[in-house]
Amino acid sequence: MTITARRPRTRSLLPPPSVGRLRSGRSVSLRLLAIVVATLGGAALIAGAAGSYSLFIWQLVVVYMLFAASVNFLFGIAGVFSFGQAAVLGTGGYATALVSIHAGIEGPLALLFGGLAAAALSVVVGTALNRVSGVAFAIVTLAASEILQQLTFRVPALRGEDGLSGVAAGSAFGIALDDPERLWWYAAFVLAVGLVALYWVQESRLGHALRSVRDDAELARSTGIGIVSARLVAFVIAGFFGGVAGGLLAQVQLTITPEVFHFSVSGLVVVMCLVGGLRWFVGPLIGAAAYIWAEQQIAGESDNRLLYTGLALLIVVLVAPDGLAGVTHRLFRRVVRGRERKAVSDGD
Amino acid sequence: MIEFIGALVSGALTAVPIFLVASGLTVVYGALGVLNFAHGAVFMVGAFLTVQFLGGAAVAWTTYLVVVLATAVACALLAVVVELVAFRRLYRKEHLLGLLASFALLFVLQGAAQRIWGLAPRTQPAPRELSGSVDVAGVVVSEYALATATMSAVVGAVLWLLLRRSAVGKQLQAVADDREMAEAVGIRADRVGMFAFAVSGFLAGAAGAMLAPQGAIDVGLSERYLILGFAIIILGGVGSLRGALFGALGLGVLVSMLSSYAPTLVGFGTFVGLAAGLLLRRRAIVQEAT
């Protein structure tokens, strides 16, 4: 008689469970290098092909790619659900704008401030993880983003509906970011650094601890992993990178407004992750690009982002919960398998 | 002192209708283990439908009562559709999908409302006869608040009887306890689930219709009342009607006290309540619930 282990619930949707084996340092380094090369290579292609308006759109794509990658880390690797990640995007954006306007801090340093502010916010909101988890925590994060949106109207320094304008990207490492192409390269570098950091964390010991908490919290606890602190760490890391993305948003738009805290922003980032495929590292990147592209296509039709975001999410959930990356993967496997089968039968 | 009692009374009166919102969440959560994000949107649809039916005119209270019932039934149907479209297919799949589907439906319903009714907030006056206020032992209370509290209390009592005394209520409890076992003894869990959604939609719709005159009606109602319902559940304890009642009373009084004594915090009452609920509870409240 064989006893089969109970399979984790989230097996097919989320990145594979920790199998107790870390990738070797060299394998991870190679993959990190591949991420950098792919990001910068892609950036070069786009810089060559795109005009200055579409370069601005691409900068937004990069912002949402980083944002979605941070959320994918939170959902996929840590299994912590937040429906209020707009809170960290907005906090990062406002913090970057404030240090830029009032203290003249610009470039990557301003992004760091944005990231740290968002991480600090995540520590505060994340304390709720002591009491709630799962969907209940998702609602707590939703409440947090609503509070912040209201604060932008109540705190005079945040200028209410007008938001903060006059943000300057400034200069990075002595290079003035004053034309669209330089700003584009700057954004691409930020994305590359962010992706490298997220991938490194995800393949590290911490990343594997998070996966085991995600798959079986009781089992993870029994191996000495603190469940609450693991989730909190993941939430803060995701918050930091979400904040950096928000800072970058402020820098490429040169302004930041309360809409960044809107509930629909939290929703659209979830859609990006799902459309791309939660299970894959490239999923949110594909999803972000696909979403912004689709939004540009229907921009003339309607400004009803809620409806389209909701429908997109509903369709993905009901039809292809593993997203574009998952569908591609399945098609690819079917093709490869078919060819192998053919090869085998030809050989006979 | 009179101000204190006034705040207490008006808080308790507002608590009764919002109890309906929270108990709708509780019924579905208790029976199916789903915290339905779309619940807040159903409430919002209820408020909009009321304006739609009445055209924003002040009407007689009997007409208003009929509209409340019609809205509640319409919202019950909407909730059943929500269940059929999204949840029915997902019970046996990964829990994450149900969660995401209800989140998606919140957006879809909000977006649809935005398309149908636009972004400009609507208003709905209270019924003609109930627009004044009465003086009860020195405390001034709005007649309409008194009427909605009474009406909601009746609905709440019927709900309690339905869940405790009726056959279908018993079946609901059985499914909540152990879905597989309930199915094994012949309870059709799918139908019971649909019933739970219908009840929750009815409650949200009735509350939305009754609370329509309380303020501006816009798309944002859905997430505000979702968070409100959730804060009540956290304050009062998950999964029981009694918890929802005490949570609603606590939150209603808290909000009303804040508006009397800490006007700068008006608009943050729900969040204060949520934070208080999280701090007061000793243990994890909702375990791994999706």
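This is a predicted model: local features need pLDDT of at least 70, side-chain atom pairs count only at pLDDT 80 or more; totals for chains, interfaces and linings use all residues.
Residues are numbered from 1 along each chain as its sequence is written, chains are lettered from A and ligands numbered from 1 in the order in which they are written, and side-chain values use heavy atoms, with hydrogens and water left out.

**The A–B interface**

- Chain A puts 46 residues into the contact and chain B puts in 48 residues, with contact meaning heavy atoms within 4.5 Å.
- Together the two chains bury about 4,100 Å², and 73% of that sits on carbon and sulfur atoms; buried area here is the accessible area (1.4 Å probe) that two parts lose on being put together, summed over both.
- On the chain A side, helix 5 (134-154), helix 10 (263-276) and helix 12 (305-319) each supply at least two residues that touch chain B; helices are DSSP runs (H or I, at least four residues), numbered from the N terminus.
- Helix 5 of chain A brings the largest share of that side, 13 residues.
- Sorted by class, the side of chain A that touches chain B has 28 nonpolar, 11 polar and seven charged residues. Nonpolar covers Ala, Val, Leu, Ile, Met, Phe, Trp, Tyr, Cys and Pro, charged covers Asp, Glu, Lys and Arg, and polar takes the others, Gly among them.

**Salt bridges**

- Over all chains, the whole structure has seven salt bridges.
- A:Arg214 and A:Asp215 pair up at 3.0 Å, N to O. A:Arg214 is buried at 12% relative accessible area, whereas A:Asp215 is partly exposed at 21%; buried means under 20%, exposed over 50%, and partly exposed in between (1.4 Å probe, protein chains only).
- B:Asp190 and B:Arg179 form another salt bridge, at 3.4 Å, N to O. B:Asp190 lies in helix 8 (residues 189-211) of chain B and B:Arg179 in helix 7 (residues 179-184), 11 residues apart.
- B:Asp190 itself is partly exposed, at 30% relative accessibility.
- B:Asp218 bridges to B:Arg224, with the closest N and O atoms 3.4 Å apart, and B:Arg224 is partly exposed at 37%.

**Cysteines**

- Searching the whole structure gives zero disulfides over all chains, a disulfide being a pair of cysteine sulfur atoms within 2.5 Å.
- A:Cys273 is buried at 0% relative accessibility, and B:Cys75 is buried at 0%.

Terms used:
A salt bridge is a side-chain nitrogen of Lys or Arg within 4 Å of a carboxyl oxygen of Asp or Glu.
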